[in-house]
Amino acid sequence: MLLRYTTVLTLASASLQPPGLLLVLATIGWLAEVLGWRYFGRVLILLALSILYFFSTAVGARLILLPLEDRYPPLVQPAGGSETPGAIVVLGGGEVMQSPESTQETANARTLVRLMTAAQLAKQTGLPIVPSGGAPRLGVPPEAVTMEHILRQDLGVQSAIWPETKSYNTAANAADSAALLARHNNIHQVYLVTSALHMPRAVVWFRHAGLNVTAVPTDYRLDRVSGLRLDSWLPRAIYLEISSEASHEYLGLFWLWIQEQGIGGGH
């Protein structure tokens, strides 16, 4: 059985993706220069600054993002035939806690886009929805409960909703959703709704959990209309954020590959 992520791995991930990785690299360069290895130290600092600049531009963000977002095409129309999915699983993407306008947790923009896509699909197919997400911290409702409220009250979903309220990451989303669906008519074929850049990793985890997945990517980060312009080389915080999220996905896929190799080797 595949190992789940741990808190230690989550913290390590923050140090292995921009900007954390670049801060670590620059710090090592500074220490090297202090210890007398000036050339080596300056090269590391320059390398960190160069990577920081590149991934803060539209060019860098596009380079690292598009292979993830383009892995699965958008769903043009609901699937048919013998492989028709029996449910819609939509993954939580985070909440805004203690918002000034609300005393309750509210879904962030990423989760809202996913819920809108799931709601539209549910209205087209009449299928039940499984919002998947546990409590973001102790003492608050699970994210899936917030998602269920939005689906009912704000998006007008009339079909059944089966909240999955235990999971804390993508691996657990898959395992716990599969267990829940097994209790509901033993469903093994599902639509999977999540952000396009997150879809490659999510699909792998859900297939490992024994579910056949029809990908429904949404929440695309960059537009595809405008080409590269002069201002595409100007650094902006939004592009660094996109690069960081994409790096997180590549690290997650790499970690999953490591676990698969361990299992394949009998470890």
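Predicted model: local features only at pLDDT ≥ 70, side-chain atom pairs only at ≥ 80, totals over all residues.

Me: What makes helix α4 (residues 58-69) largely enclosed by the rest of the structure?

Reply: Helix α4 has 12 residues, and 9 of them are buried, so the helix is largely enclosed by the rest of the structure. The buried residues in α4 are A58, V59, G60, A61, I64, L65, L66, L68 and E69. Buried means under 20% relative accessible area, exposed means over 50%, and partly exposed lies in between (1.4 Å probe, protein chains only). Helices (H or I, at least four residues) and strands (E, at least two) are DSSP runs, numbered from the N terminus.

Me: What is the secondary structure of the chain, and what share of its residues is buried?

Reply: The chain comes to 9 helices and 6 strands. Of its 267 residues, 45% are buried. The C-alpha atoms fill a box of roughly 65 × 50 × 40 Å along the principal axes.

Me: Why is the contact of R110 with E245 called a salt bridge?

Reply: The term requires a side-chain nitrogen of Lys or Arg within 4 Å of a carboxyl oxygen of Asp or Glu. For R110 and E245 the closest N and O atoms are 2.7 Å apart, and the pair forms a salt bridge. This pair links distant parts of the chain, since R110 is in helix α5 (residues 109-125) and E245 in helix α9 (residues 237-264), 135 residues apart. Side chains of opposite charge can pair when their charged atoms come close.

Me: Are these two partners buried or partly exposed?

Reply: R110 has 26% relative accessibility and therefore counts as partly exposed. E245, at 16%, counts as buried.

Me: How do you know that E249 and R201 form a salt bridge, and what makes each of them buried?

Reply: Their closest N and O atoms are 2.8 Å apart, and the two residues form a salt bridge. E249 in helix α9 and R201 in helix α8 (residues 199-208) are 48 residues apart, and the pair links distant parts of the chain. The relative accessibility of E249 is 6%, so E249 counts as buried. R201 has a value of 5% and therefore counts as buried.

Me: What N to O distance do D231 and R229 have, and why are they called partly exposed?

Reply: The side chains of D231 and R229 meet in a salt bridge at 3.3 Å, N to O. D231 has a relative accessible area of 36%, so D231 is partly exposed. R229 is partly exposed because its relative accessible area is 46%.

Me: Which residues form a nonpolar patch on the surface, and why is F40 called partly exposed?

Reply: V24, I28, L35, W37 and F40 form the patch, with about 540 Å² of accessible area together. Patches take residues with over 30% relative accessible area and no salt bridge; like charges are joined within 9 Å, and nonpolar side chains (Val, Leu, Ile, Met, Phe, Trp, Tyr) within 5 Å. F40 lies in helix α3 (residues 38-54). Its relative accessible area is 44%, so F40 is partly exposed.

Me: Where is L47 found, and why does L47 count as partly exposed?

Reply: L47 is found in helix α3. At 41% relative accessibility, L47 therefore counts as partly exposed.

Me: What makes G133 buried?

Reply: G133, in the loop between β4 (129-132) and α6, has a relative accessible area of 5% and is therefore buried. G133 and V90 are 43 residues apart in sequence and 9.1 Å apart in space, C-alpha to C-alpha.

Conventions
Residues numbered from 1 in each chain as written. Heavy atoms only, no water. Areas by Shrake-Rupley, 256 points an atom, 1.4 Å probe, with all protein chains shown as cover.
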